[in-house]
Structure formats: structure tokens, C-alpha cells
Amino acid sequence: MTLTERSSLPAHLDSMVWPRTARWSEGGDLRVGGVGLAALAAEHGTPVFVVDETDVRARCRAYAAAFGPDAVAYTAKALLSIDIARWIAAEGLGLYAGSAGEVRVAALAGFDMRRVVLYGSAKTPEDLEAAYAAGVGTVVVESLGEVTRLAATAPAGQRVLLRVLAGPEPAGGHDSRFGVRVAGGEAAAAVARIAAQPGLRLAGFDCSLGHQLNRFSLYEREIGRLSEFAAAMRRAHGVELEQLNLGGGHSVAYRPAELDLALDAFAARMRAVLRLEADRHGMPAPRLTVSPGRAIVARAGVTVYRVVAVTRTQRGDRLVAVDGGMSDCPATALCGSRHSAVLLGRDAHAASGPAAVVGRHNDADDMVVPDAELPTDVHPGDLLAVAGTGAYHHARATNFHLVARPALLAAAGGRARVLVRRESLDDMLARDLGR
Ligand SMILES: Cc1ncc(COP(=O)(O)O)c(C=O)c1O
């Protein structure tokens with residue numbers, strides 16, 4: 001293998017990829033929120049998730065500024081703790097909750113429950129009961145059968161959005177999406193059924209177009225289709241829609257060359273398209289809302305690992321094994337997402353070269369960063385920081401291999417706080433009744 005001789009200076013921290021407050025400091029340490037990550041690793045153990053509170057709040061503010069203060073709800077499944085829900089609420093965002101658990105966290109955080117939306121293709125009776133008891137403002141209807149179910153159980157006057165699938169089936173012919181389809185008349189039947197229920201109030205439509213999207217045209221086309229359907233429903237049932245939720249799926253940069261969704265331009269363009277479509281159909285434009293998850297929290301998160309072993313393959317490729325892996329970063333193994341990694345906690349004197357950072361789970365898919373650039377003298381005991389782990393990492397962490405899930409810390413203003421403590425072996429075994 002040829003080593004790429006590169007500077008032994010600390011790696012450049014690209015501001016699109018690393019948290020807003022990330023800075024190199026003395027001795028090769030990396031600071032987030034003014035807190036040295038090496039000290040955090042020493043105190044709290046590794047792996048450890050660190051969230052830059054300033055970054056999360058700044059993203060919330062950027063979204064509220066782009067779309068309007070009442071037009072943004074954070075999709076909780078990307079990352080949630082009670083304190084994180086408090087930040088989101090304090091920044092004026094609403095919350096898309098997909099389970100009784102997420103509704104409970106919103107309530108514990110003191111969320112204005114009128115700003116909470118319960119969504120989900122398979123809401124259980126427990127999810128619905130929790131939502132009704134907490135007084136969630138809106139419930140998203142995602143199948144025709146759900147209309148009857150909500151009519152029978154929801155508090156009188158429950159505000160609902162209808163998840164409408166207006167576009168063509170995904171390429172490949174396999175369509176696992178929930179929502180009511182415009183093609184074939186299912187969506188029109190759902191509108192008629194809701195309109196006939198005095199206990200339900202149809203406020204608008206909702207959609208979800210995918211993940212890591214940055215092409216405006218995808219969203220523009222959906223606004224066109226949904227506006228056309230809204231106009232038809234206005235003519236047929238006299239329903240006047242007040243809201244159109246365009247979902248989330250906004251892309252974030254995990255690597256320096258990748259693109260964030262251009263937020264301000266996106267918001268302005270979507271508003272303009274909606275206004276044009278509404279004018280074209282001679283109806284008032286509904287309020288445009290969005291429900292991003294990843295784009296609010298991904299860049300704010302960093303995971304710190306400790307190197308446990310280093311080896312070379314027969315081809316000479318360098319493998320750096322760390323004390324976490326697919327139990328704390330499942331997206332890398334499952335979705336092939338690509339992150340950036342740096343050495344931290346000591347000055348790097350050696351040149352950089354390629355390395356695959358692999359996990360501890362004895363599985364060929366257990367990749368943390370398959371194509372990192374790390375100093376050639378990386379050795380057991382070193383610390384590595386992986387960027388962009390705020391979304392769908394802590395949230396999807398598992399106990400695979402009976403490995404305890406890492407702590408989730410917040411760093412801001414030179415102080416760190418534990419949001420969710422590290423799991424212990426006893427925590428895991430508490431559920432095993434064979435003890
Ligand atoms: C309505 C809605 N908004 C947003 C999202 C989250 O997507 P992302 O985290 O990519 O923004 C989802 C996820 O499936 C969703 O159903």
C-alpha cells in the first residue's frame with residue numbers, strides 16, 4: 001500500500017461537517033462547546049456521544065427564520081432526550097412524535113402539546129391513548145382505516161393532517177410507503193370520510209419524500225401534485241386546507257465535498273411555488289410547514305471512540321478497531337453512510353494515510369468509517385472523533401453483542417452535562433429473568 005504523505009498538522013475541521021463550536025486546542029485536543037473531548041472521554045468512558053447545544057439551537061433558529069416561527073416541527077426520532085426536547089421547545093419549534101415514548105418525552109420537557117404532532121403508519125392503541133391524554137395538537141392519518149379508528153377514539157374536534165401519496169410509485173415496483181394514494185381514489189375517499197366525521201377536523205396534507213434529499217425539484221413537483229389534489233377536494237367537499245407539511249429529508253454534509261440543503265433558497269422557492277400553484281387553482285395558499293429531523297441534529301453530534309487494536313490486511317490495508325461500532329452507528333452498516341474521523345488527544349507527528357475504522361462486533365459489516373485518513377502512528381489507546389453522528393446514532397443504538405449503549409452528553413459554554421447516562425451491564429441484564 002502506498003501511504004499518502006500528508007501534513008501531520010491536525011486535520012482541517014470543515015465547518016459544514018463538524019459542530020459549529022468545534023475547535024482544535026492545545027495538545028491536539030478537540031473542543032466542542034468549549035469542552036475538551038479527551039477529558040470527557042476520560043471522565044465518561046468511550047464510546048461517548050457529545051452534542052453541541054449551540055449547533056442544535058442555531059439550526060432550529062435557521063429553520064424558524066427561513067420558514068417562519070410556527071412552520072417547523074422537529075422529527076423526534078432522529079435524536080431525543082428530555083433536555084434536547086427542551087432546547088427544541090425553547091427555540092419555538094414543534095415536534096413530530098412517532099410513539100407514546102416520544103409523546104411522553106415531549107410532555108416531560110414541558111412542550112406546548114398543541115405543537116406536537118403524532119404520526120406513524122402503525123400507531124398502537126398505546127400511542128393514541130398517550131397522545132390524546134397529553135393533548136397533542138395534531139394527528140396524521142396514514143391509512144383509510146385509520147379515519148374510522150380516530151373518529152371513534154379521538155377527543156372531539158381533533159385536528160388531523162392526511163398523509164397523501166400523490167406521486168408515482170418508487171422505481172423498482174416495491175412500494176412500502178404508508179399514506180393514502182391519490183391514484184385509484186383512495187385519498188379522495190379518505191378526505192370524504194374525514195369530512196363526514198364531525199369529531200375530526202381536516203387541517204391539511206402531509207407527505208414524506210425520503211432522506212438526504214437536496215434537489216428542490218422533488219419537493220416542487222410534490223407541491224404541484226398536492227395542490228392539484230387540494231383543489232379537487234375543495235371543489236368536491238368544500239374543504240379549505242390551512243396547512244401543507246412537506247416533511248423533512250433535507251440533506252446534510254457528512255464529508256467536506258457533500259452538500260447541505262440550501263435552506264433559505266429552499267424555503268423561499270417552496271413558498272413561491274405553493275403561492276403560484278394556489279393562484280393557478282384559484283384557492284388560498286395553505287401554510288407551508290416542514291418537519292426535518294436529521295438536518296436539525298446531525299452535524300451537532302460527535303462520537304468519541306478509543307482505539308483498541310490496529311492491524312493490516314494481507315493487501316496491506318490498515319484496520320483500526322475501536323470500542324464501539326454497529327451498536328452505536330448502525331447507519332454506517334445498514335445505509336452505507338460515510339462520516340469523517342480525526343485523531344484527538346495528542347499531537348500527531350506522523351503523516352496521514354488511509355485507514356478503515358472498524359467496530360468491535362466481529363462482523364464484516366461493522367464499519368465505523370471505511371475510508372478515514374489518519375496519522376500512520378495511530379495505536380491502541382488513541383482517541384478518535386467521528387463527525388456528523390447527531391442523527392440516527394444515539395436514537396438507533398442497540399445492545400448488539402450485549403454491549404452497553406454510550407452516554408449522551410451536551411456541551412455548551414465550557415461545560416458538559418450528561419443528558420442520558422451510559423448504560424451498565426446491570427441495566428441490560430435487569431430484563432433477563434434467568435438471572
Ligand atoms: C413527516 C416526516 N418528516 C420528517 C422525517 C424525517 O426525515 P429526516 O430525518 O431525513 O429529515 C420523516 C421520516 O421518515 C417523516 O415521516
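Select helix α6 (residues 144-153) together with helix α7 (residues 186-195): their axes lie 9 Å apart, at an angle of about 10 degrees. Axes here are lines fitted to C-alpha atoms, for helices over the stretch in contact, and angles run from 0 to 180 degrees between N-to-C directions. Helices (H or I, at least four residues) and strands (E, at least two) are DSSP runs, numbered from the N terminus. The pair α6 and α7 is therefore roughly parallel, a term for angles under 35 degrees; over 145 is roughly antiparallel, 65 to 115 roughly perpendicular and the rest oblique.

The model is predicted, with local features needing pLDDT of at least 70 and side-chain atom pairs pLDDT 80 or more, whereas totals for chains, interfaces and linings use all residues. Residues are numbered from 1 along each chain as its sequence is written, and side-chain values use heavy atoms, without hydrogens and water.

Next, display the side of α6 formed by Leu144, Gly145, Val147 and Thr148, which meets Glu186, Ala189, Ala190, Arg193 and Ile194 of α7; contact means heavy atoms within 4.5 Å. Five of these contact residues are nonpolar, two polar and two charged (nonpolar: Ala, Val, Leu, Ile, Met, Phe, Trp, Tyr, Cys and Pro; charged: Asp, Glu, Lys and Arg; polar: the others, Gly among them).

Finally, select residues 55-298, where the chain is 43% helix and 15% strand and the end C-alpha atoms are 10 Å apart.
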